[in-house]
Amino acid sequence: MKRIQLNGLWHAGAVGGDWEMEGQVPGSVYGDLLAAGRMADPYYRENELEAFPLMNEDYRYSRIFNVDREMLGCETLLIRCEGLDTLAEIRLNGHMAGQADNMHRTWEFPVSEWIQQGENQLEITFLSPLKYIAREWDSRPCWGSTDATPGFQHLRKAHCMFGWDWGPRLPDAGIWRDISLVAVEKARIVSVAVLQEHRGGKVYLTLAPELDEYTEEYLTVAVTVTGPDGRVFHPAEPGGLCVEIDQPDLWWPSGYGRQSLYTVRAELKLGSLSLDSWERRIGLRTLTVSRAKDEWGEEFCHVINGVKIFAMGADYIPEDSLLPRVNPQRTRRLLEDAKLAHFNCVRVWGGGYYPDDFFYDICDELGLLVWQDFMYACAYYDLTPSFEQSIRAEAVDNVRRLRHHASLALWCGNNEMEMFQQEALRMEPLYSLIHPGQPLPFAPHRPSHMADYIKMFEYILPEICGKLDPQRFYWPASPSSGGAFDDPNHPDRGDVHYWDVWHGEKPFTEYRKFHFRYASEFGFQSFPCLATVESFTLPEDRNIFSRVMERHQRNGAANGKILNYLSQTYLYPYDFDTLLYASQLLQADAIRYGVEHWRRFRGRCMGAVIWQLNDCWPVVSWASIDYFGRWKALHYAAKRFFAPVLLSALEEGETTQNPKINEFRTDPLECSVTFCVTNDTMEPVTGRVRWALRSPSADIVREGCEDITVPPLSASWLPKLDFADAELTSRYVSFDWEEQETWVSGGTALFCAPKHFAFADPQLCAKADGDAVLVTARAFARFVEIRSDDPDLLLEDNYFEMNGGQRRVAVLRGRLDNLTARSVYDIGREKRP
Ligand code: BMA
């Protein structure tokens, strides 16, 4: 097989426009308009509003390429497009070679009849996505996320490009992935499925090549498998497709073992002539999801090589609204930052696009299990014949492309559509009673939607997965309890999306009322840091209720929601920067509350996947890492609460029993702490729990310790400690878990809201000390934040607790100019000069 890469510089411009610009391929219209100075930065202030209508135009890309005689001699010639966004007409030398209408597909257009030796002209016209969805919406209105442009679901394009409750409306277009001319000689390899059988301590690989043949001649496929140690394995009999691997070096997720990868190579041959080859890295492992029944209902957990793991991670969204800016270096840094925070799992959310191969390669290398949604989210779909044909081809393309990845844990049909449909079913009767004649806002507009849902997610997609990737678990939706609208968000079965905290405005303590089997979405918003806010604002915009700040808050009136939660927890911050800081502490504490609770019930709960990992532009959102890759307090907290061995405290105090302090109560307030050590390693851990009741100056009032051994993959509770005599607002408990005198995990617990605690001034001082920061505190300091003039400074730890004393924190990246430190003590106090 021969290939001419057609990436590079193309001519580009709006159809009917009297101007032209350079078109970078792969790239996009917005990318090229920006580069040509024909559009302002859409992330700055409210520039998005100018950028959006530009997609009412059609845009044309064209280039010339040369073809030699040898190429022309091949059996077939194809224009191969790895990604066309979205509605495109492809012309070669003026002939219509084909049309595309699905950005998630790989397109091939036969051009043998039009191609010529020498110069050829390829032209691709992208039709306005906005005009298309508006037309479709007019003829077939149906509910979809109201944060996106109506009708988005009628187009197989990343839904969030039309806006989401964390993303801008920038429905870009273009040749967003590689494009080439492919010449097939005799035959080629379309794809290869690799099946694994683990038996008797060995692994047996069976390859199933899919070929595209243009000859009757006898073809063979030569297979080799190369181990991470360089050992080469061949099929027992020549030309065979089965390979036996003895002493297999198994692939494990992060925290459970190595991420060993084997390289599988299949070479298509005609006699000794090599026609084509296929080479991929795979991991040897068994990987599934257990739904075994148990005393609580039905478990839902990933099982790797027979080991049930607790999934720790977050939901991943597109890394940029302008896709050309996504690249392997940026993705690797993001995923390495996830691993640094002890993630072993990421969920690729269904409202974006199927990431590039490099995303999965990196997950394979880092040991991050991938929960892979198909790209459907928060919308009803009409399963017309053309839509069905399109989504079948889309699924085949992506299952074939991704199925060899070691990290791919499961396929999931869609995001939240079983839940919305079931909700609609449940609520409609009541709603029509209360609002006669008015349809329920998110009700399906057509009875066919229910049937179409079942056909798509409980027949078409599982059938394709079953055929092309039979060894991988398929789950109909997230959340689901198994399908067929059977109570998809049931707490005792399947996965759940829990939003009473945040969307439901319930207090953090609410998390403790639930023992979900697998929480695949839960979240809390915060503002990004000042440097990130400054990237899209003018000084006069830096008020959370300014037009610009609200433009960069897409979840309705959520800036007010943050303030509401803040009022329950912290003193009122005096300045904008402190408000940003306080919001991040809220987010970190909220999520810590939930995750620690579910990890204390390891075995019953086996997954905590936080909404969301990253941002696609500078915005107020649920992300733990912002658009510029800057860690919020939440990501530092995740590094602690996702630690393989975690000591956490179930504290009882005012916030858990009587948050409204003016309410008169008859029964005494319980002040107690119950410790629990969760061990998510495959070895038993032995260590000491040290605790101390302390004053605001961190002086010890009372202390104790206990030595325990925690079996592997389990959680051990210690007896409850009663602190009824503790002064509510001026006593706190510190706790630490040490193994062989080395600190491993710990924290502090208050018995009242931080706003009511009598913090002493810790007089924090942070100094550079070689490749570390030395922090000194003269009293208890909560959520110590170290900053420098470098907003991209990354430390081994930050936003941590100090019980007075000193701490040395290593620098992972960035500069240490003008170090400053602050803590909760500083919230609600005038800034010191
Ligand atoms: C869930 C997700 C996303 C959304 C998030 C925050 O619904 O599936 O659609 O962005 O909550 O609201």
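This report walks through a helix pair, a surface patch and some salt bridges in a predicted model.

Let's start with helix α8, which covers residues 417-434. Its partner is helix α9 (residues 448-468), and the two pack at an angle of about 150° with their axes 11 Å apart. Angles over 145 degrees count as roughly antiparallel, and α8 and α9 are therefore described that way. The crossing of α8 past α9 is left-handed.

Leu430 sits in α8. Is Leu430 buried or exposed? With 52% relative accessibility, Leu430 counts as exposed. Together with Leu433 and Ile434, Leu430 forms a nonpolar surface patch with about 350 Å² of accessible area.

## Salt bridges across the sequence

The whole structure holds 70 salt bridges. In one of them, the side chains of Asp85 and Lys157 meet at 2.6 Å, N to O. Asp85 belongs to strand β6 and Lys157 to the loop between α4 and β11, so this pair ties together parts 72 residues apart in sequence. Both ends are buried: Asp85 has 2% relative accessibility, and Lys157 has 1%.

Another salt bridge links Arg231 and Asp246 at 3.6 Å, N to O. Each lies in a loop, and the pair ties together parts 15 residues apart in sequence. Arg231 is partly exposed at 28%, and Asp246 is partly exposed at 28%.

## A bridge within a helix, and a network

Where are Asp589 and Arg592? They lie in helix α13, three residues apart, which means about one helical turn separates them.

Notes: Residues are numbered from 1 along each chain as its sequence is written. This is a predicted model: local features need pLDDT of at least 70, side-chain atom pairs count only at pLDDT 80 or more; totals for chains, interfaces and linings use all residues. Side-chain values use heavy atoms; hydrogens and water are left out. Patches are made of residues with over 30% relative accessible area and no salt bridge: like charges are joined within 9 Å, nonpolar side chains (Val, Leu, Ile, Met, Phe, Trp, Tyr) within 5 Å. Accessible areas come from the Shrake-Rupley method with a 1.4 Å probe; for residues, only the protein chains shown count as cover. A salt bridge is a side-chain nitrogen of Lys or Arg within 4 Å of a carboxyl oxygen of Asp or Glu. Helices (H or I, at least four residues) and strands (E, at least two) are DSSP runs, numbered from the N terminus. Buried means under 20% relative accessible area, exposed over 50%, partly exposed in between (1.4 Å probe, protein chains only). Axes are lines fitted to C-alpha atoms, for helices over the stretch in contact, and angles run from 0 to 180 degrees between N-to-C directions. Angles under 35 degrees count as roughly parallel, over 145 as roughly antiparallel, 65 to 115 as roughly perpendicular and the rest as oblique. A crossing is left-handed if the near helix is turned anticlockwise from the far one by less than a right angle, and right-handed if clockwise.
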